[in-house]
Amino acid sequence: MAVLSLDKLVLSPNVLQKVSDQILATKAHHESGDRDTDYLLDADLSVLGKSFETYMEYTKKIRKEYYIYPDFMYKPGRKKVLQHFLELKSIFKTNEFRDRYESTARENIRGEIESL
């Protein structure tokens, strides 16, 4: 869908491909090997390392996004996603984001798991 919208801007095929790849990379958040994409992924996850209050507001929005699932389905799925992040050597791909957010992100995620 984004590629169709971006295509209207008459961007080069290389730029379109890169943007498409970056958007798709946000699904899995694996290290990409591309510095720009890694920064995008880290920016996308930066809310995990914000204040606990900001993080909890974010979790309310996530829950709202998945409103169609009752708690007995949502909570185990959410815990699985959160546990995945905790199992990563590092949540963030770049040193800048890692230094700034990693520790708080892990605390926030643990706090959310406990609240589920």
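## Largest pocket

In this predicted model, the largest pocket holds about 610 Å³ of space. Its lining is made up of 21 residues, and those closest to the pocket centre are Tyr 58, Ile 62, Tyr 66, Arg 78 and Val 81.

By class, 13 of the lining residues are nonpolar, four are polar and four are charged.

## Helices around the pocket

Four helices each give at least two residues to the lining of the largest pocket: H2 (13-28), H3 (35-45), H4 (52-65) and H5. The largest share comes from H5, with eight residues.

## Packing of H5 and H6

Helix H5 spans residues 71-87 and helix H6 spans residues 95-115. The two pack at an angle of about 155°, and their axes lie 10 Å apart. Because angles over 145 degrees count as roughly antiparallel, H5 is roughly antiparallel to H6. The crossing of the two helices is left-handed.

On the H5 side, the contact is formed by Arg 78, Lys 79, Leu 82, Gln 83, Phe 85 and Leu 86. These meet Arg 106, Ile 109, Arg 110, Glu 112 and Ile 113 in H6. Sorted by class, the residues of this contact comprise five nonpolar, one polar and five charged.

Key:
Residues numbered from 1 in each chain as written. Predicted model: local features only at pLDDT ≥ 70, side-chain atom pairs only at ≥ 80, totals over all residues. Heavy atoms only, no water. Axes fitted to C-alpha atoms, helices over the stretch in contact; angles between N-to-C directions. Parallel < 35°, antiparallel > 145°, perpendicular 65-115°, else oblique. Left-handed = near helix turned anticlockwise from the far one by under 90°. Contact = heavy atoms within 4.5 Å. Nonpolar A, V, L, I, M, F, W, Y, C, P; charged D, E, K, R; others polar. 1 Å grid on protein atoms, 1.4 Å probe; cavity = no way out; pocket = protein on both sides within 12 Å on 5 of 7 lines; lining within 4 Å. Points joined across faces, edges and corners; volume = space filled by probe spheres on them.
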